[in-house]
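Student: Could you walk me through this one? I'd like to know how each label gets decided.

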Amino acid sequence: MAFGDADASTPAPVKASVAGKSVTTASFTPPAGAVLYAHAFHDTAGGNLTSTSQITDSLGLTWTLHEVASKADDGTGYNDGHQALWTATATGVAMTVTTTGTNTNNPAGLYVRVVVGADTTTPVDTHQDGTSDNAIVSQGLTTVTDGARGVVMATDWNLAANMTAGANQTAVWADGIGAPDMRVYVGIQNAVPSPAGSVTMSTATPTTGNQNNWIAYAMRPAAGGATNLSPGNAAVSAAGNAATLSASPAAGNAAAAVAANAATLRGSLAATHGAVSAAANPAALTSSLGASSGAVAVGAFDASVTSGSTLTTGGAAVSIGASSGTLTSSLTASGAAVGVGASSAALTSSISSTFAAVSVGAFDATVTGGATALNVGGAIISVGAFDATLTGGTVPAPETPVTGGWQGLLDILNDIRDTHAEQVAATPTACPRCGEPLYSTHGALRCRFDGWTTGPVTL
Amino acid sequence: MAAEARGDVELSPWVSPFPDYQGNKITVTVNYNNATRAITGATVVRDAGCVFSKLLIGLPEVGAPDDTDFKFNVPFGTTNVPASAFTSRGFSTIEQLRTVQMTAGR
């Protein structure tokens, strides 16, 4: 599960047009320590300058208001409609959440997103609000934390149509609330961005007839969780999802996934670190491995080291499963690109010293590229049914001639045949049946034990 | 369907999606007579894998929406809901139905 994905406990959105100007989620039980991002929407009367809203819950948690987009909060330049972003930290107990409007119209809507791994002290990395008419929603953000993930919530007071997601984003909730209706929208970035920087949260449609207000923000990942691991810590998922590490771990840290998804490391591994997937998906490393580090996939997919990354000392890109171990950069000392499964071990760069590209499975071990070279002690080995291939570069000359094979077997056979012929042509000295020494009599050789002779006896 | 502007009479159907954490959803489509506003029936579609299994309509005076006495168990796939299911609860028109809150639950 990537940072910012909704936890399974996330309740369904709720909407209504009730006299109490409030809506309440169904009961849900978020994990303790999860951050609850509440997106509250309320319709307002035309020209309303006094609308407010308040989030409450059945447990009496403390809620923090981060941003409001409305005429009351931002002035008459904004459109009608009221929306607010609140957060609280979950306690692990079943609860409901309610938003209640004041000086609003009756229609209301609420979407509470449960997010595990968010920073409970500063759950919102950055936020901006805005407004537009006859246009899409579009808001630039500059995140300050690596891995902070963008979200946009918006209202269209003129009921143009449900909003759709902008580029590289997904609509989480797009609907109309109450009666008369008001369109509401929540969308999120498809992937966790790294490093921190500029992002644009937007919608794609509608582009005309709408009167938008919006709040764009980024959820901040917890320090020491997905980022900035202290020594001995790990970003680990033992379930069905990914472990993602967006920053550089300190010594002895790892990003590991033991289940069905990927372990991804976007930062650097210093020493004795690993990006490891023990199950069916890739272990991907897009940065450098230091000493004794490994990008390892034990399952059915690839272990890859890409994009100019370097294995410096003792590093390995290894796949024991059915697919390849791939290294597209340099192995400088004792490094190896190894695939033990059914596919290839591929090395597309140089092997400089005592290195190997090895495939024990049924396919090729290849070293390619014009600059490829196997230097001292380098080896390219395939034990399976296919070729070991070196394209380009040089192979060190063998120190002794290579012998053996079919020609050697033929030579042995010919030696045996010649020896047999020589023995047949030679005068015997012993009985071929019992080994008794022969004696000469009447022009022939005879065995005194069983009577064998070399020819007719002349009497 | 052409986009409506605020103040226009909203035309049938009234569609409401309730997505879960993976985006699988229960979608309610309420059909009604555009002239009389009378509810003529509804369909409820539960996507494969959706963790929500109930449609919760209304909020009890005490308790959570889960405790409402107007809720449907929603099997996977499409379920047709007759108009009588709404009228028996006092919701004859679409405007009446909209005056109570709607959500999905487990």
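**Labels and their rules**

Tutor: Let's start with the two chains: 27 residues of chain B are in contact with 36 residues of chain A, contact being heavy atoms within 4.5 Å. This is a predicted model, where local features need pLDDT of at least 70 and side-chain atom pairs pLDDT 80 or more, while totals for chains, interfaces and linings use all residues. Residues are numbered from 1 along each chain, chains are lettered from A and ligands numbered from 1 as written, and side-chain values use heavy atoms, leaving out hydrogens and water.

Student: What makes A:Tyr37 and A:Tyr217 an aromatic pair, and why is it called stacked?

Tutor: Phe, Tyr and Trp rings (six-membered ring for Trp) pair if their centres lie within 6.5 Å, and planes under 30 degrees apart count as stacked, over 60 as edge-to-face, the rest as tilted. A:Tyr37 and A:Tyr217 lie 5.9 Å centre to centre with 25° between the planes, so the pair is stacked. A:Tyr37 sits in strand S3 and A:Tyr217 in strand S16 of chain A, 180 residues apart; strands are DSSP runs (E, at least two residues), numbered from the N terminus.

Student: Why is A:Tyr37 called buried?

Tutor: Buried means under 20% relative accessible area, exposed over 50%, partly exposed in between (1.4 Å probe, protein chains only). A:Tyr37 has 0%, so the residue is buried. A:Tyr217 also counts as buried, at 0%.

Student: Which residues do ring pairs link into a cluster?

Tutor: B:Phe70, B:Phe72, B:Phe86 and B:Phe91.

Conventions. Helices (H or I, at least four residues) and strands (E, at least two) are DSSP runs, numbered from the N terminus.
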